[in-house]
Amino acid sequence: MAMLAITGCMRDAEQAMTEEEALTTVDQHALELAEAAGTDSAPEPRPRFDVPCDDRSGRHNGLYQVERRYWLDNLPIEDNQQTFDDVYTFWSGQGYDIIRDVRDRELARVLTARTDGFTIRLLERDDGRLSIKSTSPCIRTSESPSDT
């Protein structure tokens with residue numbers, strides 16, 4: 001019974017976040033990652049994408065995660081290892097929960113962290129290009145049906 005109460009509270013807290021607040025925080029996490037990576041300019045955002053959330057039965061529950069991807073095109077590819085190490089150090093120092101750490105594979109590195117319900121990922125493509133994916137917790141957005 002206590003588990004249901006905790007889940008309900010977490011769900012209420014996530015739903016209480018507005019779409020604008022979620023998008024602002026998603027952008028802020030990407031900007032902080034870019035700064036930790038040593039870039040002098042803001043990452044180039046791609047169009048926003050809302051990801052449907054499912055309930056425990058696998059059915060869409062009417063909530064969405066606000067997700068945005070960014071490119072870090074102004075960093076030299078030969079510095080990618082240092083970039084990943086710098087981001088790891090930054091996230092660790094900020095108390096982020098590092099949930100995936102693959103920094104030891106050239107041209108296949110990935111680093112993923114969570115904080116306050118948000119997930120942030122730094123990814124190295126096979127051509128050396130770096131991208132960021134920043135995702136909010138499940139919230140009510142303009143895409144959500146009005147009866148959920």
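Exposed means over 50% relative accessible area, buried under 20%, and partly exposed in between, with a 1.4 Å probe and protein chains only. This is a predicted model, in which local features need pLDDT of at least 70 and side-chain atom pairs count only at pLDDT 80 or more, while totals for chains, interfaces and linings use all residues. Residues are numbered from 1 along each chain as its sequence is written, and side-chain values use heavy atoms, with hydrogens and water left out.

**The buried side of α3**

Now select Asn80, Thr83, Phe84, Val87 and Trp91, the buried residues of α3. They cover an arc of only 95 degrees around the axis, so they lie on the same side of α3. The arc is that of the directions from the helix axis to the C-beta atoms. An α-helix has 3.6 residues a turn, so residues three or four places apart point the same way.

What covers this side? The cover includes α2 (19-37), β4 (97-102), β5 (110-115), β6 (118-124) and β7. Contact here means heavy atoms within 4.5 Å. Helices (H or I, at least four residues) and strands (E, at least two) are DSSP runs, numbered from the N terminus.

Check the length of α3 (residues 80-94). At 1.5 Å a residue, its 15 residues should span 21 Å, and the end C-alpha atoms are 21 Å apart, which agrees. The expected span is 1.5 Å times one less than the number of residues. Then step to Gly95, which follows α3 and has a positive phi, near 85 degrees.

Move to β5. Five of its six residues are buried, so β5 is largely enclosed by the rest of the structure. β5 pairs with β4 in the antiparallel sense over five bridges. Two strands pair if DSSP finds at least two bridges between them. Select Val110 in β5: it is the bridge partner of Val102. In β6, the bridge partner of Val110 is Leu123.

β5 and β6 are also antiparallel, over six bridges. Follow them to their hairpin, which has two residues between the strands. Asp116 in the turn has a positive phi of about 50 degrees.

**Strands β2 and β3**

Next, show β2 and β3. They run antiparallel and are joined by five bridges. Asp50 stands opposite Val66 in β3. Their hairpin has five residues between the strands, and Gly58 there takes a positive phi near 85 degrees.

Stay on β3 (residues 60-72) and select Arg68. Is Arg68 buried or exposed? Arg68 is buried, with a relative accessible area of 16%. Its side chain makes a polar contact of 3.1 Å with that of Asp27. A polar contact is a pair of N or O atoms within 3.5 Å; within protein, one must be able to donate a hydrogen and the other to accept it, and residues adjacent in sequence count only if both atoms are side-chain atoms.

**The disulfide**

Finish at the one disulfide of the structure. Select Cys53 and Cys138, joined S to S at 1.9 Å. A disulfide is a pair of cysteine sulfur atoms within 2.5 Å. Cys53 lies in strand β2 (residues 49-54) and Cys138 in strand β7 (residues 130-139), so the pair ties together parts that are 85 residues apart in sequence. The torsion about the S-S bond of Cys53 and Cys138 is about -100 degrees, so the disulfide is left-handed. Both Cys53 and Cys138 are buried.
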